[in-house]
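Here is a set of questions and answers for a reader who is new to this structure. Please look over the sequence and the model before reading on.

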Amino acid sequence: MYDRTWVWLDEIWHKGEKDSLFPDGYFTHADSGIINLFEASISSLFLVYSNQSYNPYSLIDYFYSKQCEDGQIAECYDIATGEPVFSEDNPAGLSLPLLSYVEFVFYHKIGNKKRLKDILPYLEKYFAWLQKTAMKQNGLYSVPYPATHMGNLPREGAVYTVDYNAAVAIFALYMSNIGDILNDKELAFRYKRIYFSVKTRINSMMWDSDDRFYYDLDENENRIKNKHIGAYWTLLAEIPNDEYASFLIDMLKDENEFGTENPFPTVPRSSSYFSEDGNGYRGGVVSFCTYMVVKGLINYGSFVFARECAIRHMYFILDTLHPDAEKQGDVWEIYKPMSEGAALSAEDCENKRRYLPMLGLVTIALVIENIIGLEISLPRKTVYWTMQSLEEMGIEDLSLKKNNITILSNKNARGWEIRLESEKLYYFTIHLLDADKKKTLPIPSGKCSMLIDKL
């Protein structure tokens, strides 16, 4: 699936021209002629592993180049004309504010501090526009439903949505982290204060102590008792305390809630809206939501459960692509929660075929980061490998800024061995969870190996 995703991407990638708006090329879903900020942002999270063969930075830079004086960056632009494209149900062109999170990922994959300095003014202006456009007197944010990218999820009456407000908290949190990287104490403090302000409001207004869950609010700030996967954005935003998080995680494991065979449906099995056929975002499993939950689980020390869920979702993608030996299937935006196959489309929600922005999040990003378990930071010159238990696995020729590395574990006559190959020095940490072993070693250029029993 990892290799197949790159092949599919190559088939639809538009080659860039030197003086064009996309000198390094671009892609859009179904060759629509419209470039979308949400799709570009989530695609960037796996394109960073292409060693700039498919450059994610120029995709994001295009949107910065379109920023208006007031800070607005519209969600969609017509590639032919360069003009913003608005819809009646989202007239301001709002999108999930993921840019600071994306830039933080960029930094650790390319190690370019200058880029952070260059793009910071765009991020600051964008957030100021977002505050002016969507923040209300109560300190929460209210946006049209399409800005949450949750399709036909039933959320009637919701004015203050928990997922969007948690995404705002994520934007502020990673702006503060960028301030720390740039050693800009004023920037770090200012956005940390914004982050805690949103976090406090979500915890005090959206958390229901009886149901032990976060809910959307109506116009009168009453909680709407309608559970959905958007509440788990709070894990990625590090909003719940450990007690709240344990309640949320228990619900992910409960087969009568979000713990379906294919984790995690957009609404729980206990919901009256749930459909085993998916019916769009009314019970379907969406790869982007699975990615978001897995990353949130990592924040709360649930690596093993997060990895298990990533693997289970991957198998449903595989079984839908290859349902049997004689039949060739395909890959989709939304899957069924209880059996292999694409979720049914709804009248108000098309299930997109071969939707690569979401597919690559699982088949590339989650494979490297959560199934294999590699956490890579170029500025720190570190590779951190978390393994639940010893298995024959790893990755060959992973390109890291013109440095191809290979890390493989296998068992031979001498016992379990990790073989490493690199063109440059880096620091490698192996963490075996089952054996409670952890060791950090400098890895020289060339080939070397280490025996696990000697750790």
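## Helix packing, salt bridges and buried residues

Q: In which hand does α2 pass α12?
A: The model is a predicted one. In it, the crossing in which α2 passes α12 is left-handed.

Q: Is α2 roughly parallel or roughly antiparallel to α12?
A: Helix α2 covers residues 37-47 and helix α12 covers residues 356-372, and the two pack with their axes 8 Å apart at an angle of about 25°. Angles under 35 degrees count as roughly parallel. The angle therefore makes α2, relative to α12, roughly parallel.

Q: How many nonpolar residues does the contact of α2 with α12 have?
A: From α2, the contact is made by Phe38, Glu39, Ile42, Ser43, Leu45 and Phe46. The α12 side includes Leu356, Met358, Leu361 and Ile364. By class, the contact of α2 with α12 has 2 charged residues, 2 polar residues and a nonpolar count of 10.

Q: What is the handedness of the crossing of α3 and α4?
A: Helix α3 (residues 56-65) and helix α4 (residues 99-110) have axes that come within 12 Å and cross at roughly 145°. The crossing of α3 and α4 is left-handed.

Q: How many charged residues are in the contact of α3 with α4?
A: Pro56, Tyr57, Ile60 and Tyr64 are the α3 residues that meet α4. In α4 they meet Leu99, Val102, Glu103, Phe106 and Ile110. Sorted by class, the contact of α3 with α4 has 8 nonpolar residues, no polar ones, and a charged count of 1.

Q: How many salt bridges does the count come to?
A: A salt bridge needs a side-chain nitrogen of Lys or Arg within 4 Å of a carboxyl oxygen of Asp or Glu. By this rule the count of salt bridges is 18.

Q: Which helix holds both Asp118 and Lys114?
A: The side chains of Asp118 and Lys114 form a salt bridge, at 2.8 Å from N to O. Asp118 is partly exposed, with 41% relative accessibility, and Lys114 is exposed, at 55%. The two residues lie 4 residues apart, about one turn of the helix, and the helix in question is α5.

Q: How many residues apart in sequence are the parts that Asp211 and Lys225 tie together?
A: Asp211 forms a salt bridge with Lys225, with the closest N and O atoms 3.4 Å apart. Asp211 lies in the loop between β3 and β4, and Lys225 in the loop between β4 and α8, so the separation in sequence of the parts tied together is 14 residues.

Q: Is Glu333 buried or exposed?
A: Glu333 forms a salt bridge with Lys352, the closest N and O atoms being 3.5 Å apart. Glu333 lies in the loop between α11 and β6, and Lys352 in the loop between β6 and α12, 19 residues apart. Lys352 is partly exposed, at 23% relative accessibility. Glu333 has a relative accessible area of 4%, so Glu333 is buried.

Q: Which residues does Asn138 contact, leaving aside neighbours within four places in sequence?
A: Asn138 is found in the loop between α5 and α6. With a relative accessible area of 14%, Asn138 is buried. Leaving aside its neighbours within four places in sequence, Asn138 is in contact with Tyr160, Arg201, Met205 and Glu221.

Q: Which residues does Lys295 contact, leaving aside neighbours within four places in sequence?
A: Lys295 is found in helix α10, which spans residues 287-299. Its relative accessible area is 12%, so Lys295 is buried. With its neighbours within four places left aside, Lys295 is in contact with Tyr101, Leu236, Leu366, Glu369 and Asn370.

Q: How far apart in space are Gly278 and His431, C-alpha to C-alpha?
A: Gly278 lies in the loop between α9 and β5 and is buried, with a relative accessible area of 0%. Among the residues in contact with Gly278 are Pro337, Ala343 and Leu344. Gly278 and His431 are 153 residues apart in sequence, and their C-alpha to C-alpha distance in space is 38 Å.

Methods:
Residues are numbered from 1 along each chain as its sequence is written. This is a predicted model: local features need pLDDT of at least 70, side-chain atom pairs count only at pLDDT 80 or more; totals for chains, interfaces and linings use all residues. Side-chain values use heavy atoms; hydrogens and water are left out. Axes are lines fitted to C-alpha atoms, for helices over the stretch in contact, and angles run from 0 to 180 degrees between N-to-C directions. Angles under 35 degrees count as roughly parallel, over 145 as roughly antiparallel, 65 to 115 as roughly perpendicular and the rest as oblique. A crossing is left-handed if the near helix is turned anticlockwise from the far one by less than a right angle, and right-handed if clockwise. Contact means heavy atoms within 4.5 Å. Ala, Val, Leu, Ile, Met, Phe, Trp, Tyr, Cys and Pro count as nonpolar, Asp, Glu, Lys and Arg as charged, and the others, Gly among them, as polar. Buried means under 20% relative accessible area, exposed over 50%, partly exposed in between (1.4 Å probe, protein chains only).
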